[in-house]
Amino acid sequence: MTCHAARRIGEFERRLRRERRQAYDALITTDGELASCERHNPGDFLDDAATDTTCRVLASLEERDRHVLAEIDAAKARLAAGRYGLCEMCARVIPFERLRAIPAARLCVVCEEIVERTEDTGITARMAAPAA
């Protein structure tokens with residue numbers, strides 16, 4: 001491994017550690033807020049509706065934070081295994097600029113677009129399907 005490559009790997013390791021710490025801190029905060037939702041005592045209808053909405057938003061944030069942590073952990077595992085920066089679909093090298101923008105990227109841009117198009121098509125098909 002060249003000095004330049006080692007420096008880039010070190011940069012990604014530091015960035016992934018920092019982003020993991022931030023996601024973990026956000027998750028801890030969200031979990032604390034969700035715990036207070038669970039202790040909520042029923043009261044006024046409008047207060048209950050606002051609390052319910054807040055709890056749903058917090059649950060979505062918690063799910064996102066857990067997903068981010070899992071993606072970062074997977075990227076760290078790829079780093080340790082020497083597979084970091086290789087697209088999981090086509091095995092081509094993911095461009096440095098993409099990794100710099102999204103350090104936990106699993107796919108190159110071309111493969112990511114294929115996956116997103118497939119997901120969009122599935123969503124569109126489900127929306128257009130007649131109700132049973």
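**Briefing: core, cysteines and a surface patch**

Cys108 is buried, at a relative accessible area of 8%. The model is predicted. A search of the whole structure turns up zero disulfides. The largest nonpolar core has 15 residues. A nonpolar patch on the surface is formed by Met89, Val110 and Ile114.

**Cysteines**

- Cys90 takes part in no disulfide. The nearest cysteine sulfur belongs to Cys87, 3.6 Å away.
- Cys90 is partly exposed, with a relative accessible area of 28%.
- For Cys108, the closest cysteine sulfur is that of Cys111, at 3.7 Å. A disulfide needs the two sulfur atoms within 2.5 Å, so the sulfur of Cys108 is too far from that of Cys111 for a bond.

**Nonpolar core**

- Leu16, Tyr84, Cys87 and Leu99 touch the most other members of the largest nonpolar core.
- Helix H1 (3-38), helix H2 (45-81) and helix H3 (96-101) each give two or more residues to this core.
- H2 supplies the largest share of the core, three residues.
- Beyond its neighbours within four places in sequence, Leu99 is in contact with Phe12, Arg15, Tyr84, Gly85, Ile94 and Ala105. One of these, Tyr84, is also among the core residues that touch the most other members.

**Arg98**

- Arg98 sits in helix H3.
- Arg98 has 15% relative accessibility. Buried means under 20%, so Arg98 counts as buried.
- Setting aside residues up to four places away in sequence, Arg98 touches Ala105, Leu107, Cys108, Val109 and Glu112. Among them is Cys108, itself buried at 8%.
- Ala105 is a contact of Arg98, and Leu99 is in contact with Ala105 too.

- The patch of Met89, Val110 and Ile114 has about 270 Å² of accessible area together.
- Ile114 belongs to helix H4 (residues 109-128). Its relative accessible area is 37%, which makes Ile114 partly exposed.
- Val115 is also found in helix H4. Val115 is partly exposed, with a relative accessible area of 25%.
- Patch residues need over 30% relative accessible area.
- Val115 touches Met89 and Leu107, not counting residues up to four places away in sequence. Leu107 is touched by Arg98 as well.
- Val115 and Met89 are 26 residues apart along the chain. Their C-alpha atoms are separated by 9.8 Å.

Key: Residues are numbered from 1 along each chain as its sequence is written. This is a predicted model: local features need pLDDT of at least 70, side-chain atom pairs count only at pLDDT 80 or more; totals for chains, interfaces and linings use all residues. Side-chain values use heavy atoms; hydrogens and water are left out. Patches are made of residues with over 30% relative accessible area and no salt bridge: like charges are joined within 9 Å, nonpolar side chains (Val, Leu, Ile, Met, Phe, Trp, Tyr) within 5 Å. Accessible areas come from the Shrake-Rupley method with a 1.4 Å probe; for residues, only the protein chains shown count as cover. A salt bridge is a side-chain nitrogen of Lys or Arg within 4 Å of a carboxyl oxygen of Asp or Glu. Helices (H or I, at least four residues) and strands (E, at least two) are DSSP runs, numbered from the N terminus. Buried means under 20% relative accessible area, exposed over 50%, partly exposed in between (1.4 Å probe, protein chains only). A nonpolar core is a set of buried Ala, Val, Leu, Ile, Met, Phe, Trp, Tyr and Cys residues joined through side-chain atoms within 4.5 Å. Contact means heavy atoms within 4.5 Å.
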